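Good morning, and thank you for coming.

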Amino acid sequence: MTDSSDPAIRLTGLRKSFGAVDAVAGIDLDIADGEFFSMLGPSGSGKTTVLRMIAGFELPTAGTVHLGGRDVTRLAPFERDVNTVFQDYALFPHMSVLENVEYGLKVRGVKRAERRRRAEEALAGVRLEGFGARRPAAMSGGQRQRVALARALVNRPKVLLLDEPLGALDLKLREQMQVELKAIQREVGITFVFVTHDQDEALTMSDRVAVFETGRIAQVGTPEEVYERPASSFVAGFVGTSNVFTGAAAAALVGRQGTFSVRPEKILISDDSGPEGTVAEVVYAGPVTRYVVDLDAGSRVVVVAQNRHSGAPLVARGHRVRLSWHDEHIVEIPSATKETAHA
Amino acid sequence: MTSLGSYLHRHPRLRLAGLLSAPLLWLVVAYLGALAVLLVSAFWTVNGFTGEVVREFSLANFRTILTEEVYRNVSLRSLGVAVSVTVICAVIAIPMAFYMAKVSKYKNALVIAILTPLWASYLVKAYAWRILLANGGPMDSIFGGPGYGIGATILVLSYLWLPYMILPIYAGLERLPDSLLEASADLGARAGRTFRSVVLPVLIPSVLAGSIFTFSLSLGDYITVQIVGGKTQLIGNVVYANIGAANNLPFAAAIACVPVLIMVIYLVAVRRSGALEEL
């Protein structure tokens with residue numbers, strides 16, 4: 001029944017309506033075996049609903065979900081070969097850590113000795129040896145997160161679904177878990193589907209990223225594709241910071257009609273050539289300084305400059321500056337999209 | 001006013017005293033005081049000839065309760081009724097509360113529906129059941145029973161105290177995150193398994209909290225049993241009879257200590273489970 005050429009997940013015409021609201025408004029997507037795939041979007045863009053339909057917690061209003069070539073659209077969660085890491089971890093409070101991790105194996109009738117061995121192995125895999133006897137309540141957020149991961153991975157699912165699993169952690173821990181998650185994924189070789197609203201997270205961890213906008217996918221691609229060649233001004237604005245030129249400003253700055261995007265770090269502040277403007281804001285941020293420049297051509301742009309020197313930023317508020325960039329860093333955005341500038 | 005306010009702000013102990021003195025007075029005088037009088041008078045006796053209370057320490061009342069079979073039977077019967085009512089309430093309340101908290105879209109309406117019977121008088125409800133259970137009445141003609149008696153008492157008490165069991169279980173389920181149920185299904189458990197392995201264990205403190213109400217209310221009841229219990233006697237009836245007809249207050253106090261003792265034992269057992277935090 002399963003063909004090795006089948007994608008791990010195939011979504012076809014997937015829709016989900018809650019009353020009059022289309023949370024998911026038609027999604028077609030293939031996720032390959034072994035891929036680290038991120039669904040990125042603002043809250044309410046439908047990414048979590050898609051994840052829940054893959055897991056089986058929500059039934060689609062229309063469309064199908066195939067896992068490894070098998071139609072699972074109408075199957076219950078316990079009939080699907082996927083496991084989920086929940087946003088709130090959803091650890092069972094009345095069970096010890098080891099019992100939590102064992103639960104999936106126990107339910108499936110794995111013998112006691114074997115499930116104990118596998119659960120301990122899984123705990124070791126997330127660096128939690130010796131924590132088995134504890135209750136989840138006696139653990140920190142980062143530890144609970146890893147228990148949830150072990151509890152899902154111990155079942156060796158075809159696909160692991162992660163619903164904003166790092167959202168509740170503080171920044172340092174989050175960055176550490178990002179690296180760890182990626183390492184674990186490489187090691188176990190399972191397909192990871194990772195839902196997040198954090199673009200840094202999506203860019204640093206993923207093989208491919210789908211950017212969600214109001215129930216649809218605005219763009220799918222590698223992090224580099226999505227960042228360097230955004231398909232719409234929404235993507236340009238949501239993934240990283242972007243300067244979008246439209247209308248008269250575009251004609252003056254680029255020399256053509258259309259919608260164009262250029263990333264702040266691609267712009268240089270120079271003295272001699274390029275469009276002229278006034279510095280409206282200078283924000284020092286440690287490794288970089290952000291400048292907001294009001295161009296005479298009628299557009300406000302953000303420029304990010306590395307702080308290679310030490311001391312105060314070179315350019316102060318109110319200074320007149322010229323900006324320059326290479327033509328290949330100007331990305332034309334297909335005109336069918338909405339023309340809203342995001343900063 | 002501001003000067004008094006700032007004075008109190010600088011003297012937290014005085015503030016605490018002001019806050020607590022009234023409830024403490026109430027607790028000590030009305031509550032503990034009454035209990036103390038009960039306990040003391042249980043060791044007094046009544047002069048059989050004059051009917052006057054003899055205020056001398058005596059274990060005669062307790063000796064009677066322990067040695068005479070009728071009182072032992074009444075105590076055991078009361079305990080049995082309280083346990084049955086509690087079990088019946090729990091069995092009915094768990095699925096009902098689960099439906100209210102996790103399935104229905106009309107949670108608030110259902111909570112109100114559960115609470116409304118509590119607005120009606122206890123007596124009215126008990127007499128309504130008397131009519132339902134009467135010879136030739138609706139229950140009799142449809143089910144052919146059970147008629148007045150201990151079964152009817154358990155039935156009516158279960159009806160009366162059911163809301164007190166549903167509400168704590170409902171509150172407990174409200175606090176049970178949906179994601180726990182989803183996680184269980186996600187890990188391969190069917191609904192029955194999820195209920196046994198995840199919902200029930202999390203619910204035990206709530207059920208125990210509810211059982212404190214149903215158990216103690218049933219243990220002390222003497223009105224329902226008079227209305228629908230036929231010839232059945234419970235501890236409450238014995239207490240009532242000794243206060244009224246027999247005019248033996250000390251003996252009434254002594255037998256009233258039986259449910260108090262049972263409740264203390266039960267509460268100590270329940271406390272160990274952490275259920276009191278659910279109240």
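Let me begin with a term. A crossing of two helices is called left-handed if the near helix is turned anticlockwise from the far one by less than a right angle, and right-handed if the turn is clockwise. Please also bear in mind that this model is predicted.

With that term in hand, consider helix α4 of chain B, residues 69–103, and helix α10 of chain B, residues 191–220. Their axes come within 8 Å and cross at roughly 140°. The pair α4(B) and α10(B) is therefore oblique, and its crossing is right-handed. On the side of α4(B), the contact involves S78(B), L79(B), A82(B), V83(B), V85(B), T86(B), C89(B), A90(B), I94(B) and F98(B). What classes of residue make up the contact of α4(B) with α10(B)? There are 15 nonpolar and five polar residues, and no charged ones.

I now move to a second pair in chain B. Helix α6, residues 122–133, and helix α8, residues 150–174, have axes that come within 11 Å and cross at roughly 140°. The crossing of α6(B) and α8(B) is right-handed. Helix α6(B) contributes Y122(B), K125(B), W129(B) and L133(B), while α8(B) contributes A152(B), L155(B), V156(B), Y159(B), L160(B) and W161(B). By class, nine of these residues are nonpolar, none is polar and one is charged.

Finally, let us turn to the largest pocket, whose volume is about 560 Å³. Which residues lie closest to its centre? Of the 20 lining residues, they are F98(B), K102(B), V103(B), D178(B) and L181(B). Both chains take part in the lining: the elements giving two or more residues are strand β1 of chain A, residues 9–18, together with α4, α9 and α10 of chain B. The lining divides into twelve nonpolar, one polar and seven charged residues.

Conventions. Residues numbered from 1 in each chain as written. Chains lettered and ligands numbered in written order. Predicted model: local features only at pLDDT ≥ 70, side-chain atom pairs only at ≥ 80, totals over all residues. Heavy atoms only, no water. Axes fitted to C-alpha atoms, helices over the stretch in contact; angles between N-to-C directions. Helix = DSSP H or I, 4+ residues; strand = E, 2+ residues; numbered from the N terminus. Parallel < 35°, antiparallel > 145°, perpendicular 65-115°, else oblique. Contact = heavy atoms within 4.5 Å. Nonpolar A, V, L, I, M, F, W, Y, C, P; charged D, E, K, R; others polar. 1 Å grid on protein atoms, 1.4 Å probe; cavity = no way out; pocket = protein on both sides within 12 Å on 5 of 7 lines; lining within 4 Å. Points joined across faces, edges and corners; volume = space filled by probe spheres on them.
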